[in-house]
Amino acid sequence: MVMTDKQLAERSITYRKKILKYIVGAKAGHTGGSLSCIDILNVLYNEVLNVGPQNFTSPNRDRYIQSKGHCVEALYVVLADKGFFPESDLETLCKYKSHYIGHPTKKVHGVEQNTGALGHGLPIAAGTALAAKMDKKNYRVFTLLGDGELPEGSNWEAALTAAHYKLDNLCAIIDNNKLQITGTNAEVCNTDPIDAKFESFGWAVRHVDGNDVNALKEVLNTVPFEKGKPSLVIAHTIKGKGVSFMENSVKWHHGVPDKHQYETAIAELDMEMANV
Amino acid sequence: MGAVIENNTINGKPNQDVFSAALLELAEKDRNIVVVTSDSRGSGKLVAYGQKLPEQIVEIGIAEQNLVGVAAGLASAGKKTFAVSPACFLTARALEQIKNDVCYSDNPVRLIGISAGVSYGALGSTHHSLHDFAVLRAINNITIVAPADNFETTEAVKLAVKLDKPLYLRFGKKAMPLLTDDEHNGFEFGKGRVIKNGNDITIIATGETVYPALQGAEKLAQQGINATVVSMHTIKPLDAELILQLAKDTGAILTVEEHSVNGGLGEACASLLLQNNYNKPFKIMGIPDEYTVTGSQTEIFDHYGLSADGIAQAVLNLLQT
């Protein structure tokens with residue numbers, strides 16, 4: 001289905017409401033980060049990736065690997081929307097014996113890799129992209145990293161490999177909400193300038209407003225940015241985006257709204273929906 | 001079956017050499033096989049492989065975490081992936097990648113730990129892998145194999161290609177003798193190979209300690225003590241059926257390994273036996289919980305009694321208990 005810009009924007013709001021609903025139901029979840037990255041996932045699955053329930057076993061499908069696995073709630077609501085599983089499954093989120101646990105696993109239809117430990121997505125994505133090159137296949141590999149996981153050294157090891165093997169079928173996206181559990185990235189371990197670092201490693205880098213679906217659509221549909229280079233999208237996002245009292249607040253990293261907070265958040269999102 | 005031990009003559013090659021030759025032969029026929037190395041093609045004896053099959057080798061550089069992560073990605077896309085790196089680095093620095101990217105995600109990477117145990121004897125503890133069995137035994141969904149001789153190594157490589165599940169295979173640099181003239185008693189992951197039969201004691205050894213165990217058994221035979229010697233090449237899954245049968249059939253059990261006495265083959269056997277009410281003499285031989293003396297692999301083996309004489313003496317001591 002081809003979505004209009006308005007429909008795409010509305011879809012993000014719907015996803016945000018669902019993220020909150022299931023986090024409240026589970027009494028657990030990474031609220032702030034899921035709200036910051038949901039526009040990226042919306043655009044990837046609805047506008048960019050050649051993957052869905054029908055072709056998920058195809059060796060030629062595009063791959064999406066979520067390195068920031070803790071924001072799995074965002075992935076779950078999108079996968080449910082794409083028909084990988086019934087949305088009602090998410091009522092079991094983080095419940096005893098549920099497959100829908102707090103990090104992605106392949107037990108959930110649509111998940112490519114088990115992630116959760118940070119700094120793992122980029123090496124696996126690089127290996128998968130390298131396999132495509134070796135096999136002369138055209139599929140692409142996308143991976144989403146949190147900005148807080150950039151100090152993991154394995155990211156930089158993989159950044160070298162991706163450039164060395166000219167993996168222009170690889171696109172890494174950084175959900176650059178600038179906050180992590182202890183405080184700002186700058187306070188915890190300053191990783192700026194991210195763009196210059198990756199460029200010096202041999203990547204082609206673009207910045208984008210990571211909460212603007214139209215801007216995301218444009219940039220993600222132009223990869224590779226340069227032939228022979230892996231692509232990095234630094235998506236500038238707002239942690240807790242869409243709910244005024246959650247935005248840019250570290251306490252919502254894995255904060256769970258109470259009943260009143262939930263109702264207030266949904267009312268805000270409904271208001272935003274009316275104004276799209 | 002009869003043991004081929006003639007005046008301690010080494011009639012084989014290093015298992016590492018045999019591994020690379022066997023893999024090259026298989027990879028020439030199966031273009032989906034790919035080797036991933038961390039600046040380790042020289043020590044892995046893969047220079048010829050790289051020259052003949054440059055499209056089937058991926059050089060990562062010295063970055064073991066990335067080696068395993070990239071290997072997991074390749075394996076997930078259907079490549080028959082062998083990640084080759086010194087055992088000491090592969091199973092310590094990249095342990096989280098092994099646990100998550102290979103085992104938990106069930107990506108069928110064949111992890112090849114070269115120069116394992118104390119093969120890099122004089123280089124010190126940074127280069128020893130005496131922890132690998134222990135840490136990998138505690139991780140679900142991985143087969144752990146330490147072949148003893150060239151025959152077992154060749155068979156292990158063939159099976160590794162077919163297994164299509166996470167696997168750890170480790171071996172060393174030293175030339176190894178062929179342990180038995182009976183290659184027809186087969187090789188299968190998870191099934192120990194009885195190299196010699198005897199009723200007095202069972203010596204369960206693995207990897208490069210099987211040879212001195214067999215030599216020790218030959219010495220004991222001259223004194224009228226008859227030992228069964230098992231090459232327990234697969235540490236996990238352990239051949240419980242064989243061990244429990246030999247526990248009944250023989251008078252004691254001694255385990256021998258090129259690994260810490262903590263958490264390896266010996267403790268795996270001890271756990272099995274104790275939970276099956278074993279009450280005969282039992283001892284674990286390996287490297288004690290200390291930073292090892294340094295020297296060649298043979299000198300380190302001698303120092304800790306992992307030699308023919310040391311193992312024979314340990315058997316005598318055990319049978320007196």
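**Exercise 1.** Among contacts in chain B between residues at least 6 apart in sequence, find what percentage join residues at least 24 apart.

*Solution.* Two residues are in contact if their C-beta atoms, placed from the backbone, lie within 7 Å. On that basis, 79% of the chain B contacts between residues at least 6 apart join residues at least 24 apart. The model is predicted: local features need pLDDT of at least 70 and side-chain atom pairs pLDDT 80 or more, while totals for chains, interfaces and linings use all residues. Residues are numbered from 1 along each chain as its sequence is written, and chains are lettered from A and ligands numbered from 1 in the order written.

**Exercise 2.** Compare the radius of gyration of chain B with that of a compact globule.

*Solution.* The radius is taken over C-alpha atoms, and the globule rule is 2.2 Å times the number of residues to the power 0.38. For 321 residues the rule gives a value near 20 Å; chain B has 19 Å, which agrees. The C-alpha trace of chain B spans about 55 × 40 × 40 Å along its principal axes.

**Exercise 3.** Describe the side of chain A that touches chain B.

*Solution.* The contact takes 21 residues from chain A and 22 residues from chain B. On the chain A side, α4 (121-134) and α5 (153-164) each give two or more residues. Helices here are DSSP runs (H or I, at least four residues), numbered from the N terminus. The most comes from α4(A), with 10 residues.
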